[in-house]
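Biologist: I am new to this structure and would like a close look at a single part of it. Please take me through that part step by step.

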Amino acid sequence: NELEDIPNLRVMMVLRSLCSRAYVTEKFNWMWYYYFLTNEGIDYLREQLHLPPQVMPSTLTKQRPTRPALAAAGAGDGGEGGGKGWGKGKGK
């Protein structure tokens, strides 16, 4: 993989450069650096990588549920599931 050939020091220098331009924010906690893209950083990377405006980071796109919401609610059987879940207690 071509990303494995990039030394960590080079990645750190690129991120520090982006941080000095306010394209990313930097957090340091327990000997680890965390970097977060700003909106300006997203626009900058989109311009540098020649990406269309529709392309967004996956962390900013709204996740859709994998199953319908009504199926998880018991499908209208009045709440009397009869399963071994954490239900309403002994008195129901």
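Biologist: Which residue lies over the face of Tyr 33, and at what distance from the ring centre?

Modeller: The model is a predicted one. In it, Arg 16 lies over the face of Tyr 33, at 5.5 Å from the ring centre. Tyr 33 itself is partly exposed, because its relative accessible area is 36%, a value between the limits of 20% for buried and 50% for exposed. The ring of Tyr 33 also has an aromatic partner, Phe 28. The centres of these two rings are 4.7 Å apart and their planes are at 50 degrees, a tilted pair. Phe 28 is partly exposed too, with a relative accessibility of 48%. Together with Tyr 35, Phe 28 and Tyr 33 form one aromatic cluster.

Three aromatic pairs are found in the whole structure. One of them joins Tyr 23 and Tyr 44, and it counts as stacked because the ring centres are 4.4 Å apart and the planes are at 10 degrees. This pair links distant parts of the chain, 21 residues apart: Tyr 23 is in the loop between α1 and β1, and Tyr 44 is in helix α2.

Back at Tyr 33, there is also the surface to consider. Tyr 33 and Phe 28 belong to a nonpolar surface patch whose other members include Met 12, Trp 30 and Phe 36. The accessible area of the patch is about 1,200 Å² together. Strand β2 gives the most to this patch, with four residues, and α1 supplies at least two. Met 12 is found in helix α1 and is partly exposed, at 31% relative accessible area.

Terms used:
Residues are numbered from 1 along each chain as its sequence is written. This is a predicted model: local features need pLDDT of at least 70, side-chain atom pairs count only at pLDDT 80 or more; totals for chains, interfaces and linings use all residues. Side-chain values use heavy atoms; hydrogens and water are left out. Patches are made of residues with over 30% relative accessible area and no salt bridge: like charges are joined within 9 Å, nonpolar side chains (Val, Leu, Ile, Met, Phe, Trp, Tyr) within 5 Å. Accessible areas come from the Shrake-Rupley method with a 1.4 Å probe; for residues, only the protein chains shown count as cover. A salt bridge is a side-chain nitrogen of Lys or Arg within 4 Å of a carboxyl oxygen of Asp or Glu. Buried means under 20% relative accessible area, exposed over 50%, partly exposed in between (1.4 Å probe, protein chains only). Rings of Phe, Tyr and Trp (its six-membered ring) pair if their centres lie within 6.5 Å; planes under 30 degrees apart count as stacked, over 60 as edge-to-face and the rest as tilted. A charge sits over a ring if NZ of Lys or CZ of Arg is within 6 Å of the ring centre and within 35 degrees of the ring normal.
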